[in-house]
Amino acid sequence: GSRLLQTASVTTRSLPALKAYLDAERQLRHGNFDSAFVGFQGAVQLDSTFALAYYRLAVASAWANRSGLIRRNTLRAVALGNRLGERDRRLLASFASLAAGKPDEAEREYRDILQDYPDDFEAQWQLATLLDVYNPFRGRPIAEAGPAFESIVKLDPDFLCLTCAMMHLAVYQGDVPKAESLVVRVGRDFADSVMFAVAAGDKAAVSRLLAEAKADVGPGAVGSAV
């Protein structure tokens, strides 16, 4: 969100690194996960002390299916955390808990942040995706993610990744028509990347859903994610 962009502008002295960071944020926001990953990687290469860029690189690693790099970049961001403000350090600590395989701890931390900062977009988004992805493994209903996603709609109704996450939720709940309509909105390529990145269920079923959606609307109706 805009607050993270403001934080970035005061946590690096390198204008080229800041530009790479801002470009990468735009790519991430539009669902171009590989481009975002490369952009954040460029930012930390230009400024090896850019804590916020390491954090966002870890986030992009998760979405770009580079799971082996999530923890490494998270730890690098944590090591540089003294360069961040209190709220960003808490966000980073919560993500670090998740990267360490502790979703229950991460959930508590994100909820604590939202107690203090109810409109924090990053905390709300990470909490929603955590519930979406991890609840099936924790014996909790994935429907718990619904209210969290609805909170994000109020904060930023045009956030494209939110549409894809809602598509994932629709697949889990068996609402194929809704999932198909969301595929059309975000574009098949983008839908592919997100669904396969976060799907915790039957990937074959997800693949079949996307194929059916594409066949139903025709290639001309499925737009680009850019």
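The largest pocket of this predicted model has a volume of about 490 Å³, a pocket being, on a 1 Å grid over the protein atoms alone, an open set of points where a 1.4 Å probe fits, with protein on both sides within 12 Å along at least five of seven lines. Grid points are joined across faces, edges and corners, and the volume is the space filled by probe spheres set on the points. Local features need pLDDT of at least 70 and side-chain atom pairs count only at pLDDT 80 or more, while totals for chains, interfaces and linings use all residues. Residues are numbered from 1 along each chain as its sequence is written, and side-chain values use heavy atoms, with hydrogens and water left out.

**Pocket lining**

- The largest pocket is lined by 20 residues, of which Ala62, Ile70, Leu98, Val133 and Tyr134 lie nearest its centre, lining residues being those with an atom within 4 Å of a point.
- The elements that give two or more residues to this lining are H4, H5, H6, H8 and H12, and the largest share, 6 residues, comes from H8.
- By class, the lining divides into 13 nonpolar, 5 polar and 2 charged residues, with Ala, Val, Leu, Ile, Met, Phe, Trp, Tyr, Cys and Pro counted as nonpolar, Asp, Glu, Lys and Arg as charged, and the others, Gly among them, as polar.

**Confidence**

- The mean pLDDT of the protein is 78, and 69% of its residues reach 70 or more; pLDDT is the predictor's confidence in each residue, from 0 to 100.
- Among the elements, H7 has the highest mean pLDDT (97), whereas helix H12 (residues 188–198) has the lowest (47).
- Over residues 193–202 pLDDT stays under 50, and the model has 27 contacts beyond four places in sequence for them; over residues 213–226 pLDDT likewise stays under 50, with 21 such contacts.
- Where pLDDT is low, the predicted coordinates should not be read in detail.

**Core and packing**

- Buried residues (under 20% relative accessible area, against over 50% for exposed and in between for partly exposed, with a 1.4 Å probe and protein chains only) make up 50% of the 226 residues in the protein.
- Leaving aside its neighbours within four places in sequence, Phe40 is in contact (heavy atoms within 4.5 Å) with Tyr21, Ala24, Glu25, Leu28, Ala53, Arg56, Leu57 and Ala60.
- Among contacts between residues at least 6 apart in sequence, 58% join residues at least 24 apart.

**Two loop residues**

- Gly81, found in the loop between H5 and H6, is buried with a relative accessible area of 6%, and its C-alpha is 6.3 Å from that of Ala51, 30 residues apart in sequence.
- Glu144 lies in the loop between H8 and H9 and counts as partly exposed at 29% relative accessibility.
- Beyond its neighbours within four places in sequence, Glu144 is in contact with Leu131 and Asn135; Glu144 and Leu131 are 13 residues apart in sequence and 6.6 Å apart in space, C-alpha to C-alpha.

Key. Helix = DSSP H or I, 4+ residues; strand = E, 2+ residues; numbered from the N terminus.
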